[in-house]
Amino acid sequence: MKLIPLGDKVVLKQLEAEEKTKSGIILASAAQEKPQEAEVIAVGSGGVVDGKEVTMQVKEGQKVIYSKYAGTDVKLDGEEYVIVRQGDILAIVE
């Protein structure tokens, strides 16, 4: 199956959580913080959303940083994704 977002929605796949701190301490999975960095998997068409013209500024394959509590978690074919509005994406990582 494939997720196709509507309007200004973007499908993200979270990058793996850090397993070690910078000082080399290995973290248990319960202590790992949910990463806010993700890869863009699919992008909606934009258009008119809530009466405003929306132009999509992200593309598939880009790495982005998104708001900590944004989006809806979705599990499809054993993979976990997050669907967010484009406005919840804070930055593109280059």
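Which residue forms a salt bridge with Lys9? The legends below take up this pair and then turn to other parts of the model.

**View 1. The salt bridge of Lys9 and Asp8.** The partner of Lys9 is Asp8, and the closest N and O atoms of this salt bridge (a side-chain nitrogen of Lys or Arg within 4 Å of a carboxyl oxygen of Asp or Glu) are 3.7 Å apart. Asp8 is buried at 8% relative accessibility, whereas Lys9 is partly exposed with a relative accessible area of 27%; here buried means under 20% relative accessible area, exposed over 50%, and partly exposed in between, for a 1.4 Å probe and protein chains only. This is a predicted model, in which local features need pLDDT of at least 70 and side-chain atom pairs count only at pLDDT 80 or more, while totals for chains, interfaces and linings use all residues. Residues are numbered from 1 along each chain as its sequence is written, and side-chain values use heavy atoms, with hydrogens and water left out.

**View 2. The salt bridge of Lys13 and Glu79.** The structure holds four salt bridges, and in one of them Lys13 meets Glu79, with the closest N and O atoms 2.6 Å apart. Because Lys13 lies in strand E1 (residues 9–14) and Glu79 in strand E7 (residues 79–85), the pair ties together parts that are 66 residues apart in sequence. Strands (E, at least two residues) are DSSP runs, numbered from the N terminus. Lys13 is partly exposed at 29% relative accessibility, and Glu79 is partly exposed at 32%.

**View 3. The salt bridge of Arg85 and Asp50.** Arg85 forms a salt bridge with Asp50, and the closest N and O atoms are 3.7 Å apart. This pair links distant parts of the chain, since Arg85 belongs to strand E7 and Asp50 to the loop between strand E3 (47–49) and strand E4 (52–54), 35 residues apart. Salt bridges that share partners join Asp8, Lys9, Asp50 and Arg85 into one network. Asp50 is exposed at 65% relative accessibility, while Arg85 is partly exposed at 34%.

**View 4. The open sheet.** Six strands form an open sheet in the order E6-E7-E1-E2-E5-E8, and their pairing is antiparallel; two strands pair if DSSP finds at least two bridges between them. Strand E6 (72–76) and strand E8 (89–93) stand at the edges with a single partner strand each, so one side of each is left without a neighbour in the sheet. Within the sheet, E1 and strand E2 (residues 37–43) pair in the antiparallel sense over five bridges, and the bridge partner of Gln14 in E2 is Ala38.

Note on methods: Helices (H or I, at least four residues) and strands (E, at least two) are DSSP runs, numbered from the N terminus.
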